Structures are given as structure tokens and as C-alpha cells.
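Here is a short report on one structure. Look through the sequence and the model, then read on.

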Amino acid sequence: MAGLTHRQTEILNIVRASGRFALPALTAELRRNYPFLNQEHASRLAHAYGTRASKLLGGAKSMADLGESFGATLTAAEIRYLMASEWALTAEDIVWRRSKLGLRLSAAEIAAIAASGARPENPLREAGARS
């Protein structure tokens, strides 16, 4: 790479390999595959989930397919994904431990998540306990 020292080139290659340069491409891919997502939503999902964002979005064809919107681009589909794949058990798990969206959601929006009833049928089984 012209103008870069050997060390700078090595660092650039490490950063590229880490995926930091892949995020804009992944965001663009999400917007192509799910054209109903706005730039902010696609970018947040790409940053938070990487290539797993497509698993979360599944066969959705519209925002309505993602279910209720709780604010800050958090949808019922993402909550289901977090509970099924990331061991989130409560609204606090979702907005603080798994997504940090608690920084952007109001207390009322967080309460709506808790009141939505989105919880695993059996948290102990979800966590791998024997029944």
C-alpha cells in the first residue's frame, strides 16, 4: 500500500481481518436484503450481531413482520432472538446486558418491554437446567 510503512500496513491488515471494515458492507447487505430497514437500524444490527443479524431478521418482508417496536429500533423479533440465542431472561438483560439500548430507551419503553410478556416458557430449561 503506497505511502504506508510496513508496520502501518500490518496494522491495517489486522484491523481489516477483525471485521471493522466489513461493517459498512454488512450494513449495505442488510439494507439490500431487508429494504424496509433504515440506515440506523441496519447499522445497529450489523454492529450488534454481525452476520447473525440475518438470522434475527429471518424471512421478514416488512417492519410489521418484526413485531412490536419498543423504541431505539428494538423489535419483538430481536427480543425473541436475544431470549432464544443470547440467554436474555428479563427486560434488564435485554436493554442493559445484551444491547445497551437502556441508554437510549425511556423508562416507559423499558417497562413496555417487561410488560410485553416476552419471556421464555421455562427459563431454567432455556439456561440448560434439567427438568
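## Confidence

The protein chain has a mean pLDDT of 83, and 76% of its residues reach 70 or more. pLDDT is the predictor's confidence in each residue, from 0 to 100. Over residues 120–131, pLDDT stays under 50. For that stretch the model has 10 contacts beyond four places in sequence; a contact means heavy atoms within 4.5 Å.

This is a predicted model: local features need pLDDT of at least 70, side-chain atom pairs count only at pLDDT 80 or more, and totals for chains, interfaces and linings use all residues. Residues are numbered from 1 along each chain as its sequence is written, and side-chain values use heavy atoms, with hydrogens and water left out.

## Helix α5

Helix α5 spans residues 76–85 and is mostly covered. Helices are DSSP runs of H or I, at least four residues, numbered from the N terminus. Seven of the 10 residues in α5 are buried, that is, under 20% relative accessible area with a 1.4 Å probe, protein chains only. Among them are A76, I79 and M83. Just after α5, W87 takes a positive phi of about 60°.

## α3 against α5

Helix α3 (residues 39–49) packs on α5 at an angle of about 5°, with the axes 14 Å apart. The two helices are therefore roughly parallel to each other, a term for angles under 35 degrees. R44, L45 and Y49 in α3 meet E78, Y81 and L82 in α5.

## The loop at S99

S99 lies in the loop between α6 (91–98) and α7 (107–115). S99 counts as buried because its relative accessibility is 18%. The side chain of S99 reaches the backbone oxygen of I94 at 2.6 Å.

Terms used: Buried < 20%, exposed > 50% of the residue type's maximum accessible area, 1.4 Å probe, protein only. Polar contact = N/O pair within 3.5 Å; in protein donor to acceptor, adjacent residues only side chain to side chain. Axes fitted to C-alpha atoms, helices over the stretch in contact; angles between N-to-C directions. Parallel < 35°, antiparallel > 145°, perpendicular 65-115°, else oblique.
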